[in-house]
Amino acid sequence: MDDARIVELYFARNESAILETEAKYGNYCLTVARNILLSEEDSKECLNDALMRVWNSIPPTRPNSLKAFIAKITRNLAFNRYRENTSKKRGGSETEIVLSELEECVPHRENTESEYSVRELGRTINKFLYTLSERDCDIFLKRYFYVVSISELAKEYGIKENQIRTILSRTKQKLKLYLEEENFYI
């Protein structure tokens, strides 16, 4: 079933919308959650919570992309769960590594003055992503949004892990400079 029809089911408050969403995007969302949490049980809970959030959000929200909408909800829920799970312990998980990598180029939320600044930072980062080549943008998003490992990225793009690291390092440096030009500082 296409996304527009699924969204219409949500607006009609037809519970089959949840089943259709899970059938179409369930595995995708589980992958997003697994990349962050590394736990099948926690990932399944995130998917269930995401489906409930989508149900509670549509209506009034009418997403342009249902896939992106549910992926973002799943990702945010997974990061929240990750923070809960690691609040007492610190490990060397892929998620921890990704978050520390981004610290060097993206301002911390505490350093922004308001919710407006946080939203503006998001818009600015989105504008930056459009300046990248399609490949570099995909690699950056897969690493820092979907928390895909360096080795998985290297396999997917058929290049060496060092090349992936170089692309990410250069992209982070470009992002840092871009944000500074837009008056965002670390």
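Residues are numbered from 1 along each chain as its sequence is written, and side-chain values use heavy atoms, with hydrogens and water left out. Because the model is predicted, local features need pLDDT of at least 70 and side-chain atom pairs count only at pLDDT 80 or more, whereas totals for chains, interfaces and linings use all residues.

Salt bridges were assigned where a side-chain nitrogen of Lys or Arg lies within 4 Å of a carboxyl oxygen of Asp or Glu. By this rule the count comes to 10 salt bridges. One of them pairs the side chains of Asp 3 and Lys 24, with an N to O distance of 2.9 Å. Asp 3 belongs to helix α1 (residues 3-11) and Lys 24 to helix α2 (residues 16-37), so this pair ties together parts that are 21 residues apart in sequence. Helices (H or I, at least four residues) and strands (E, at least two) are DSSP runs, numbered from the N terminus. Lys 24 is partly exposed, at 39% relative accessibility; buried denotes under 20% relative accessible area, exposed over 50%, and partly exposed the range in between (1.4 Å probe, protein chains only).

A further salt bridge joins Asp 136 and Arg 135, whose closest N and O atoms are 3.2 Å apart. Asp 136 is buried, with a relative accessible area of 14%, while Arg 135 is partly exposed at 39%. In helix α9 (residues 161-181), Arg 165 and Glu 161 are four residues apart, a separation of about one helical turn, and their closest N and O atoms are 3.5 Å apart in a salt bridge. Arg 165 is partly exposed at 42%, as is Glu 161 at 34%.

Leu 38, which follows α2, has a positive phi near 55°.

Leaving aside residues up to four places away in sequence, Val 54 touches Tyr 10, Leu 66, Phe 69, Ile 70 and Ile 73, contact meaning heavy atoms within 4.5 Å.
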